[in-house]
Every structure is written in C-alpha cells, then in structure tokens.
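Please look over the sequence and the model before reading the report that accompanies them.

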Amino acid sequence: MYMIKTWFSPNYYANNGSMSKLPAIAESIKNKGFAELVAPTANISETYKKLAKLHDADYVRAVMDGAGRLAASNELEWSTDLRDGVILMNAGMLEAAQDALARETITANLAQGFHHALPERGMGFCTFNGLALVAAQMPDKRIFVLDADEHQGNGTKAFVKRLPNLWNYTIYGTYFGGDGKVARNWDRKVGNWAQHQAALAEAFTRILDVNPDIILYQAGVDCFEKEISGVMLTEEQLRERDYNVFDFAHRMGYPLTFVAAGGYTPDRIRLHTNTWDMAKQVLDDEIIVF
Ligand SMILES: [Zn+2]
C-alpha cells in the first residue's frame, strides 16, 4: 500500500485566506493514510538565492524585505510568516520533483501560490513560481506543466519564454493574461466537463509528443461547481480528472509531482484530500470505473 510522499512543513502557513488551508489538508491526508509528510531540507537562504536567479532580483529582494509596491504584488498582506512559508514551499517543490525523478513515481508538494507569479512580480495570491523553478534548476531535464486550475497559468506561460526546457498546458475557465500564442504553451479555455475531458486528452497527446522527464500537475480544485468557476466540475468529475492524470503518468512511466493549488470553498479540504486519494489508488493499481 503506497503513501504519497508529500513535502510539507508547518511553516507552509500564513494567517491569510490563501495559505491558511494547508495545515488542515496535511492533517486530513495524513490521517486517512494517503500521504507520508516530509519537510523540505533546504533552508530559506539557499532557496532565496535560487529564486533570485529565477525571478528578477529586485522583485525577490522586495519580497525578502517586505518593502514597497512589489512586495505586495501577490495581492497578499506581507508578513515574515508569509515570506518564509512561500520560500519553503518553493524548496519543497524542488525536492518533491527531484524525488519523483529519482524514484520514477508520483510525489506531491502540499503547496499553492505558484502559477500566476511572473518573472518581474507576483500576482493573484502567487509570489514565486515554483513550477518554473524546477525547470530553472534542472536545465538538462524537460519539464511539462499540466495546469488544471480554474485560473489560467499566465505566470508559467511567461516563464516558458525564458526557459527552453519548460512546457505549459493550461486548462482553465478564467483567463489571467499574457501574450497570445507562445511556443511550448497551450491555453485551453473550457466551460464544462466534456470540454475539459477533450482538453485533457489533447494534453496527453502533447505530453507524449514532448516526452518530458517529469510532469508537474497543478491540481487546483477551484474549478469546483460551488466556486466562482467557469469550468463547473462536480466533486466526482474532479476525482475522475485527477485519476485520469495520475493513471496516464503511471501507465506511461512519467514521474509526476502535483501541487494542491486553488480551492476556496468550505469543501476544499475534502476536495484536495480526494486528489491524494486518487494518486494513491493509481499507485496501488486500483482500477476505478467512473
Ligand atoms: Zn485558481
């Protein structure tokens, strides 16, 4: 019986709307036996140096100091807890991806707040782009981001233009911005489950074409029907989405690291827990017929 090795620290926490859910999800996935929680070993200052190479250095410095307009560009109230939590979540992302690659399996980082972060600033509750960080720190590996959050992964798209080993396929209901067509990036707006399934099938085709070393899966649950959502998936459809992604990666032999990402309703702890449930079922070779 597998448990999903999941990077998490009690310091992945700040007392604001976006990050405050993470300890409750950690408790839930641990209690249900879905996850083995592992703390990042990298410290704040070494991770800070990596982030200063990924993002514009003056932006990273502004977040460190908490000073000025850039420090609040993530639309969150700055605090040392928020800053340190965000940096640790980026450390955990790298370690979770390294472990998935080393063991050729599925791992997780119990994190959120990556995919809107742009090279020059934060945006939409996202500070530093941990997905792009994996590509920047592994230049000889091909990194494919599969983003199924309600919101389009505009920050990752901006990094695709800087990082030649990064691909981004974003299935979303709400557009966030960025240039039009970008090579190695696909924006797919969907408005129901059938369209979502079609986009996911196309994403799998693209992944097979690219043949990446690892898939990073942004498993947002803010496309749930009770959210302010353009995709409007039911809980059962979210479970099927996750199962299909994990099953594809597992069958095709692609290492995969997933992140919790968006989810804002009172249902979110259960919905995120379902993602770990699906990953575990796939690794346990349980066949689920939806
Ligand atoms: Zn979102």
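Predicted model: local features only at pLDDT ≥ 70, side-chain atom pairs only at ≥ 80, totals over all residues.

Residues are numbered from 1 along each chain as its sequence is written, and side-chain values use heavy atoms, with hydrogens and water left out.

**Sheet.** Eight strands form an open sheet in the order β2-β1-β3-β8-β7-β4-β5-β6, with parallel pairing; strands (E, at least two residues) and helices (H or I, at least four residues) are DSSP runs numbered from the N terminus, and two strands pair if DSSP finds at least two bridges between them. Because β2 (35-38) and β6 (185-189) stand at the edges with a single partner strand each, one side of each is left without a neighbour in the sheet. From one strand to the next the twist averages 20°, where axes are lines fitted to C-alpha atoms, for helices over the stretch in contact, and angles run from 0 to 180 degrees between N-to-C directions. Strand β5 (residues 166-172) pairs with β6 in the parallel sense over five bridges, and Asn168 has Asn185 in β6 as its bridge partner.

**Helices.** Helix α5 (residues 80-103) lies across β1 (4-7), β3 (106-109), β7 (214-218) and β8 (256-259), and runs at about 175° to β3. After α9 comes Gly253, with a positive phi near 80°.

The protein donors (N, O and S atoms within 2.8 Å of the metal, or 3.2 Å for Na, K and Ca; water is not among the atoms, so sites may look incomplete) of the zinc ion are Asp149 (OD), His151 (ND1) and Asp222 (OD), lying 1.9 to 2.1 Å from it. His151, in the loop between β4 and α7 (154-160), and Asp222, in the loop between β7 and α9, link distant parts of the chain, 71 residues apart. Both His151 and Asp222 are buried.

**Cysteines.** The structure holds zero disulfides, a disulfide being a pair of cysteine sulfur atoms within 2.5 Å. The sulfur of Cys126 is 15 Å from the closest cysteine sulfur, in Cys223, too far for a bond.

| Cysteine | Relative accessibility |
|---|---|
| Cys126 | 3%, buried |
| Cys223 | 0%, buried |

Terms used. Contact = heavy atoms within 4.5 Å. Buried < 20%, exposed > 50% of the residue type's maximum accessible area, 1.4 Å probe, protein only.
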